[in-house]
Structure formats: C-alpha cells, structure tokens
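Here's a short walk through a model, written for someone with the viewer open. Have a look at the structure below, then read on.

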Protein chains: 2
Amino acid sequence: MAEQTPVFNRLALIGAGLIGSSIARAARERGLVRNIAASARTEATRKRVAELGIADDVFATNAEAAKGADLIIVCTPVGVCGAVAQEIASALKPGAVVSDVGSVKSAVLKDMAPHLPAKVHFVPAHPVAGTEHSGPDAGFAELFDNRWCILTPPPGADAGAVERLKKFWSGLGANVEIMDPLHHDMVLAITSHVPHLIAYNIVGTAAHLGEVTQSEVIKFSAGGFRDFTRIAASDPTMWRDVFLHNKDAVLEMLGRFSEDLSVLTRAIRFGDGKTLFDLFAHTRAIRRSIIEIGQETAEPDFGRQRKKNEPAVPIARPYASD
Amino acid sequence: MAEQTPVFNRLALIGAGLIGSSIARAARERGLVRNIAASARTEATRKRVAELGIADDVFATNAEAAKGADLIIVCTPVGVCGAVAQEIASALKPGAVVSDVGSVKSAVLKDMAPHLPAKVHFVPAHPVAGTEHSGPDAGFAELFDNRWCILTPPPGADAGAVERLKKFWSGLGANVEIMDPLHHDMVLAITSHVPHLIAYNIVGTAAHLGEVTQSEVIKFSAGGFRDFTRIAASDPTMWRDVFLHNKDAVLEMLGRFSEDLSVLTRAIRFGDGKTLFDLFAHTRAIRRSIIEIGQETAEPDFGRQRKKNEPAVPIARPYASD
C-alpha cells in the first residue's frame with residue numbers, strides 16, 4: 001500500500017499487544033500518523049516495545065501516553081476499558097478521537113462513555129482480526145488487510161470524527177462497516193465468541209478424560225481436534241473479559257447451539273442418517289461462500305500441508321462429490 | 001522418501017476418493033507395490049482415475065478389482081464396508097491381506113469379518129489424515145507423511161500380515177500404532193468425531209438464525225467461525241456413516257462435552273471469571289504439545305496469512321503473555 005497523507009498527527013496506543021503493536025506497525029509503515037505513543041502495563045512489555053522501535057514514545061501510565069494525542073486507541077482487554085477511560089480522561093486534548101478495539105461493543109460504550117469529557121469524540125471500533133498469539137512480538141503490519149473493522153458510533157457522534165477513523169482503518173487495510181453496538185454483539189457472539197467457547201470447551205473435555213490419555217489426544221489430534229486448539233490457545237484474559245461482557249448475546253447463541261446439538265445427538269441415538277446427511281451437505285456451501293468473498297484461504301487444510309511442487313493455489317474441483 | 005522394495009505385488013483400492021487416490025499416488029511414487037487396481041462406483045470417477053493415471057487398471061465392480069490382489073484396501077464410507085466385503089469375498093486370493101481406512105473400527109470389524117474367507121488376513125486400519133476435500137482429484141502422495149495410522153488386528157491375526165501392512169503404511173510416510181478397536185473408537189470419538197459434529201453443528205446454527213443474516217455470518221467469519229467451516233465442509237456421506245457406526249463412543253463423549261459446556265455457561269451467567277480464565281489458560285498448553293510433537297504447524301493462524309518478507313517459521317515468543 002502506498003504512503004498516504006497522515007490522517008492523525010499523534011496516535012496513542014493504550015496497550016501494545018497483538019492488536020496494538022499491529023496498529024503501530026501498519027500506521028507507521030503506511031504513513032497514517034506522524035508519531036506514535038504507547039503505554040504498557042509491565043516493564044517487560046515497555047522494554048520490548050522500545051526494542052522493536054514500533055512507537056516513538058513509550059510510557060508507564062496511560063494518561064502520559066494519551067496526552068496530546070489526536071487519536072487514542074484503547075487496546076486492552078475489554079474488562080479494563082472503563083478504568084482506562086477514567087485514567088486518561090483529564091489528559092485528553094479537545095477534539096481528540098477516542099476509540100478501542102474490543103470484541104464487545106455495548107459494554108465498552110457503557111463502561112467508557114461516562115468517563116470521557118464532552119470535548120472528545122468517542123467512536124468504538126472492533127477490527128475482526130487476530131491470531132492465537134499475544135504480545136508485541138506477535139503483531140504484524142498486514143494483520144488487518146482485507147479484514148473487517150466494525151465501528152459502532154453512539155447516537156449523535158461527530159460525523160467528521162467517524163469519517164477520520166474510517167479513513168484510518170481503511171488505511172490500515174481494513175474494510176469498514178458501521179453497526180449498532182447491540183447488533184454487533186449478537187453477530188460476534190455467533191461468529192466469534194461461541195466458536196471460541198466451544199473450542200476452549202472441547203479442548204478442556206479432551207484434557208480431562210479418564211478413558212483416553214492426554215498423550216493420545218495430542219498424538220491423534222490431526223483427526224480434527226487440533227483445529228480447535230488454535231483458537232483455544234487465544235489470550236485467556238482477553239477471552240474471559242469477552243464472555244463476562246457479552247453475557248446476554250453469548251447465552252442466547254449458546255442456547256441455540258445446544259438445542260441444535262440435541263437434535264444431532266438424538267439423530268445419532270436413533271440412527272437417523274437423513275438428518276445428519278442433510279445438515280452436513282448444507283454446511284459445505286457456507287465455507288464455499290466464505291472463500292468466495294476472500295475471508296478464507298481456498299487451500300485444503302488451510303494450506304498447512306502443501307502438495308509437493310505445487311504452488312499455493314486452490315485445486316480445480318474442491319468438492320468433487322457434490 | 002527413497003524407492004523401496006515392493007511390500008505387496010498387486011494393490012487393489014476399493015474406492016478412489018481422497019484417501020484411496022492418495023494411497024495410490026504414494027504407493028506408486030514410493031515403489032511399495034508393483035501394480036494397482038482400483039474400482040469406483042460412478043462412471044465419472046472411473047474416467048477421472050484413468051485420466052489421472054494413478055491406477056494400472058480401473059474396474060466397475062469391486063470383485064474385479066480385488067481379484068488377484070495381494071493387498072485389498074476398502075476406501076469407502078464405513079456404512080458400505082460390510083456389503084463390499086460380501087462382494088469381494090469370492091474373488092479374494094488365498095493369503096491376501098484385506099484392510100480398510102475407516103474412521104470407526106469396531107463396526108468395520110463386525111460388518112466385514114463374517115463375510116471374509118478364512119484363507120485371507122483381515123487387518124483393519126485407520127490413517128488419521130485427510131482434508132476437507134473429496135474425490136480422486138483431492139488426493140496427494142504426501143497426505144500420510146508424519147501422520148498416524150492405527151491398525152486394529154483382531155485377536156489371533158497373522159503376525160506376518162500385520163507386519164507387512166505396517167511396513168506398507170510406514171512406506172506411505174505414516175507412523176504406525178496398534179490398538180484395540182474399542183479403544184480406537186473412544187480415542188477417535190474425542191479427537192475427531194465429536195470435533196466434527198460440533199463444527200457441523202455451529203455452522204448449522206449460524207446458518208439458521210433470524211437475528212443475524214447468513215451474509216453477516218460469512219462476512220465476519222474471521223473472528224473464529226471460519227475455522228469450523230473447514231471441517232464442516234468434509235464429506236457428508238463419510239461423516240454420516242461415522243456417527244451412525246460409532247454411536248456409543250460418540251454419545252459418551254458428547255455427554256462429557258455437554259456437561260463441561262454447562263459449567264462454562266453457568267460461569268458466564270454468574271460472572272465467574274476465574275473458572276473461565278483457569279480453563280482458557282490451561283488449553284494453551286495442549287496446543288503447544290501438539291506443535292512440539294510435529295502434529296501441527298507452529299505458524300500463527302495455521303500460516304494462512306503470512307507476514308510480508310517472512311519465511312514460514314514460528315515466531316520466537318508465541319505465547320508472550322504466559
């Protein structure tokens with residue numbers, strides 16, 4: 001991506017983990033800001049951020065990082081967003097845009113908004129991107145390329161501020177969508193939160209069986225189980241906070257999931273092959289659509305195991321038996 | 001892998017889908033057999049197998065393919081294994097080894113054994129390998145490299161026959177393990193069958209919501225959901241048969257999964273962050289072990305989205321926040 005005119009002068013990142021450090025790398029590489037301040041909770045992370053050279057200034061307190069910034073992005077677990085807003089409130093420059101990257105939006109709005117002064121523009125955001133790794137070393141500039149970033153501006157939000165944040169995220173490589181926070185939380189409950197919960201759950205179930213040893217589970221994981229271990233290796237603090245702060249939508253979607261699983265359980269118990277087959281045939285089409293819109297690789301097995309002498313291209317007839 | 005002395009003279013593959021065609025490719029490439037016969041149910045598949053040149057002879061009936069073969073591998077969905085055994089029984093050469101590749105072993109043993117003549121050696125097998133794709137085009141010679149192949153010889157099986165089959169699978173690149181069929185079915189229920197069922201289930205749940213449209217599910221799938229669509233794109237017939245033929249072990253493991261999910265649901269409902277955090281922190285270690293024994297890629301996000309200018313190597317501190 002070519003260098004752009006800076007969208008903001010000074011960017012402050014509250015937290016420099018996977019997401020914060022990826023924003024820093026991409027914003028600098030693509031010329032979206034003139035300089036970058038970052039804060040981190042631990043001395044070790046601050047030292048590492050300084051070594052990596054991804055921020056111009058590294059601070060121990062969030063207020064110092066936020067001071068004088070034109071765009072402040074809170075990149076912490078959602079559980080501390082409210083406390084962070086309180087810490088930075090008095091340091092905020094009039095006209096600054098305050099945002100976040102949390103996977104939950106109603107709770108973030110509710111927790112942060114009361115602490116922020118009227119002179120700043122609060123526009124919550126959620127980049128739907130990540131990996132199972134954490135920390136400043138895990139970030140990379142391409143993380144947001146062709147991923148979606150959902151903005152959930154509160155009613156009456158300043159249109160100019162929303163527009164500039166939109167421009168910033170587009171510059172980072174993302175496709176930007178505006179959404180109502182409650183609807184966001186419902187959409188993400190099914191596309192992200194419940195998938196993470198059931199992945200964590202099955203890995204937990206497998207780890208605590210008597211009949212099957214943990215070493216057998218690990219050894220024979222290529223049968224499907226290992227796919228689940230990837231998202232079940234995601235940051236524990238971040239995900240604990242997601243579930244605690246999107247309770248209603250997650251419980252609603254978990255209810256649907258469990259009802260549907262009961263139907264399949266019953267079909268297995270009574271040997272109803274038709275119910276199983278009909279569902280299994282239908283779900284293939286969903287993956288095909290995700291690949292078609294460029295949100296997933298077309299390579300078999302995520303491209304994990306490439307055929308020898310073969311480039312990373314999809315095979316001609318991926319679902320031959322359809 | 002270097003060329004080997006052939007382990008069997010003539011190999012017959014009953015079915016030439018993902019697994020059958022991968023065996024054909026690897027066995028030929030690595031010199032494990034002198035010639036290969038294959039049968040396929042449909043004219044289209046037979047034509048394609050002939051075009052691909054992965055078998056020396058392609059037959060419309062299973063008995064013709066099995067005739068004169070020294071190793072016969074049934075590579076069909078497990079639901080038809082019994083019928084296939086019946087079809088090929090009278091064509092089998094004395095001393096031949098009969099095997100299969102089914103993901104379920106007790107049912108295959110029960111369904112096939114009664115039809116097979118005493119003059120042949122029946123040694124069921126299960127290569128724990130695959131992709132979400134089906135058909136002869138989806139196969140590739142490297143599919144079994146560093147994967148496990150589990151043999152479940154019945155009591156009193158001929159040791160020489162087991163040894164030759166073991167040598168054959170080692171030649172295909174697999175690590176071979178001997179297991180009791182009932183134990184196999186329990187291990188695979190948790191490492192493969194239940195993971196597939198819950199993946200199919202969540203994709204089904206997501207596809208049938210009123211509050212969230214299917215296009216939103218597809219668009220924002222990078223939040224975790226898309227991982228599940230890969231195994232939920234697996235062959236519907238094969239998987240229907242797995243669930244119908246491993247009922248007891250699958251229902252047992254599903255029961256454990258559901259109990260554990262109830263505990264997490266309750267923790268979310270009552271805001272018990274400790275229960276969530278403790279599980280989420282524990283599950284990371286399981287993935288690390290799977291990567292360490294070489295059953296999974298160490299690359300973030302399965303290597304789907306590689307950092308620019310960076311080779312396919314793991315980053316130094318994958319779990320920085322531990």
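## Where the two chains meet

Let's start with the interface: 105 residues of chain A are in contact with 105 residues of chain B, where contact means that the C-beta atoms, placed from the backbone, lie within 7 Å. On the chain A side, the elements that each supply two or more residues are α7 (181–207), α8 (214–219), α9 (225–231), α10 (236–245), α11 (247–269) and α12 (273–292). The biggest giver is α7(A), with 19 residues. Helices here are DSSP runs of H or I with at least four residues, strands are runs of E with at least two, and both are numbered from the N terminus.

By class, this side of chain A splits into 55 nonpolar, 26 polar and 24 charged residues. Nonpolar covers Ala, Val, Leu, Ile, Met, Phe, Trp, Tyr, Cys and Pro; charged covers Asp, Glu, Lys and Arg; the others, Gly among them, count as polar.

## Ground rules

This is a predicted model, so to speak of a local feature takes pLDDT of at least 70, side-chain atom pairs count only at pLDDT 80 or more, and totals for chains, interfaces and linings use all residues. Residues are numbered from 1 along each chain as its sequence is written, while chains are lettered from A and ligands numbered from 1 in the order in which they are written.

## Two domains in chain A

Chain A is divided into domain 1 (8–179) and domain 2 (183–271), with bounds that come from an automatic or database domain assignment. Their C-alpha centres lie 29 Å apart. Where they touch, domain 1 of chain A puts in 14 residues and domain 2 of chain A puts in 17. The domain 1 side of that contact has 6 nonpolar, 6 polar and 2 charged residues.

## A look at A:Arg46

A:Arg46 sits in helix α2 (residues 43–52) of chain A. It counts as partly exposed because it has 19 C-beta neighbours inside 10 Å; buried takes 20 or more other C-beta atoms within 10 Å of a residue's own, exposed means 12 or fewer, and partly exposed is in between, with C-beta atoms placed from the backbone.

Which residues does A:Arg46 contact, leaving aside neighbours within four places in sequence? They are A:Ala40, A:Val58 and A:Ala60. The C-alpha atoms of A:Arg46 and A:Phe59 are separated by 7.4 Å, with the two residues 13 apart along the chain.

## Two positive phi angles

Most residues other than glycine have a negative phi. A:Phe302, however, is not a glycine and has a positive phi of about 60 degrees. You'll find A:Phe302 in the segment after α12 of chain A, and it counts as buried because it has 21 C-beta neighbours inside 10 Å.

Over in chain B, B:Asn146 has a positive phi near 65 degrees. This residue lies in the loop between β7 (125–127) and β8 (148–151) of chain B. With 14 C-beta neighbours inside 10 Å, B:Asn146 counts as partly exposed.

## Around β8 of chain B

Strand β8(B) has B:Trp148 and B:Ile150 pointing one way and B:Cys149 and B:Leu151 the other way, and all are buried. β8(B) pairs with β7(B) in the antiparallel sense over 3 bridges; pairing requires DSSP to find at least two bridges between the strands. Here B:Pro127 stands opposite B:Cys149.

β8(B) also runs parallel to strand β9 (residues 175–178) of chain B, joined by 4 bridges, and B:Trp148 stands opposite B:Asn175. Together, β8(B), helix α6 (residues 159–171) of chain B and β9(B) make a right-handed β-α-β unit. Right-handed means that, with the strands pointing away from the viewer, the path from the first strand over the helix to the second runs clockwise.

Definitions and conventions: Two residues are in contact if their C-beta atoms, placed from the backbone, lie within 7 Å.
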